[in-house]
Amino acid sequence: MKSKKQNKKELLVTFLFIFFFSIIAAMYAKWKQIGTPFVPETILYFCTVFLISICSGLLAVRLLRYIETKTNLVKQVIPAILGFYVGVYVISYLSITSGVFVWFLIKGRSLEEFFLHLLKYELKPNTPTGNLMIWLLLATLMFFYVLWKRAMEREQKLKEEKLLYQYETLKQQVNPHFLFNSLNTLSSLINTFPVVAETFTNKLSSIYRYILENSESDKISIQYEISFVMEYFYLYKIRDEGKINLHINLNDYDQCEVVPVSLQILVENALKHNLTTREKPLHIYICREEKYIIVKNNLQKMTTLVCSSKIGLKNLAERIKLITGKKLLVNETADEFIVKMPII
């Protein structure tokens with residue numbers, strides 16, 4: 001990510017480029033029109049070209065920021081280019097019209113001749129301002145190149161993050177500690193509670209099936225994700241009955257989607273970093289707040305910190321940002337650990 005100093009430097013370079021380009025374009029246009037660029041009207045030409053360039057640049061930046069929040073940036077290329085072309089076209093002709101109007105006022109000419117002069121001398125194809133279509137085409141091609149380059153870079157980054165995310169997700173779930181505890185619990189249940197052992201085995205199988213089936217997906221229905229989390233939580237609850245509680249309060253989520261295995265990672269994070277006892281049970285809450293799914297738990301930090309690279313949470317945050325264009329919001333208070341995950 002670029003630093004503020006680099007951004008300021010790029011902004012200054014861009015401003016200077018537009019400034020000197022506007023001077024050259026204005027002098028060339030006036031020279032082609034009357035044979036000399038050294039007339040007062042050249043300043044007005046400069047102001048018009050400079051205004052068009054600045055407004056077009058701001059439009060391009062605004063469009064880029066907007067479409068980068070979309071899930072599939074490649075599909076937004078054509079609409080963005082058309083929007084840019086139409087926007088610059090409108091900006092250009094409004095700027096030219098404003099410039100000619102100011103020139104009329106300075107010269108003291110009758111405004112009754114304004115529109116006739118505008119159409120006859122300023123907007124004709126064979127005039128410098130009439131060649132605006134060529135400049136528009138060049139600007140659109142430049143915008144297309146920048147947009148396409150960003151789209152390819154984003155798609156490549158998304159693929160790389162996706163592979164890393166899949167690896168970390170599977171590694172987290174098939175880690176020896178989790179598997180060892182699950183098999184130990186299953187072993188004790190077989191002799192004492194065979195019916196529960198069968199349910200435990202089915203849910204364990206279902207968990208890994210869900211991970212494998214959705215490892216290549218970018219999004220999944222919250223309904224399926226919640227079902228997966230409940231099965232995952234069941235394995236812990238069998239072993240730690242009375243020590244942990246999961247509270248789910250979600251309404252109207254039929255059309256909502258989230259990143260696969262995302263809720264499980266957040267629940268696992270709470271289980272991993274907090275003490276759980278029958279006297280002080282761990283409570284995990286999953287609810288909805290507008291366009292976010294909230295996962296929070298009462299804070300009961302372990303006295304001995306668990307060794308963790310936090311890669312899972314970081315990868316989840318990066319993946320959510322790439323897919324939704326929004327951030328995973330994490331907030332820790334004196335009593336609670338709260339994570340807000342944007343809905344797709």
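Guide: What follows begins with the aromatic pairs and then turns to backbone, strand and cysteine details. The model is a predicted one, and local features are described only where pLDDT is at least 70, with side-chain atom pairs counted only at pLDDT 80 or more.

A search of the whole structure finds 12 aromatic pairs. In one of them, the ring centres of F46 and F50 are 5.7 Å apart and the planes meet at 25°, so this pair counts as stacked, the cut-off being under 30 degrees. Both residues belong to helix α2, where four residues, or about one turn of the helix, separate F46 from F50. F46 and F50 are each buried, and they also belong to one aromatic cluster together with F15, F19 and F20.

The pair of F101 and F114 has another geometry: the ring centres lie 5.6 Å apart with the planes at 85°, so the pair is edge-to-face. Because F101 sits in helix α3 and F114 in helix α4 (residues 114-122), this contact ties together parts that are 13 residues apart in sequence. The two partners can also be described by their accessibility: F114 counts as buried because its relative accessibility is 6%, whereas F101, at 35%, counts as partly exposed, a class that lies between 20% and 50%.

Helix α3, in which F101 is found, covers residues 77-107.

L64 lies in helix α2, which runs over residues 41-67, and counts as buried because its relative accessibility is 8%; its C-alpha atom is 9.9 Å from that of Q76, which is 12 residues away in sequence. W148 is located in helix α5 (residues 132-173) and, at 37% relative accessibility, counts as partly exposed.

For the backbone, two residues other than glycine have a positive phi and deserve a check. V261 has a phi of about 70° and is placed in the loop between β3 (257-258) and α9 (262-273); it is classed as buried because its relative accessibility is 4%. E290, with phi near 55°, is found in the loop between β4 (282-289) and β5 (292-298), and its 68% relative accessibility is why it counts as exposed.

Strand pairing can be followed in β6 (residues 329-332) and β7 (residues 336-342), which run antiparallel and are joined by four bridges. The two strands form a hairpin with three residues between them, and within this pairing N331 stands opposite I338 in β7.

Finally, the cysteines: the structure holds zero disulfides. C256 is buried because its relative accessible area is 9%, while C55, at 27% relative accessibility, counts as partly exposed.

How values were computed
Residues numbered from 1 in each chain as written. Heavy atoms only, no water. Buried < 20%, exposed > 50% of the residue type's maximum accessible area, 1.4 Å probe, protein only. Pairing = 2+ DSSP bridges. Disulfide = S-S within 2.5 Å. Phe/Tyr/Trp six-rings, centres within 6.5 Å; stacked < 30°, edge-to-face > 60°.
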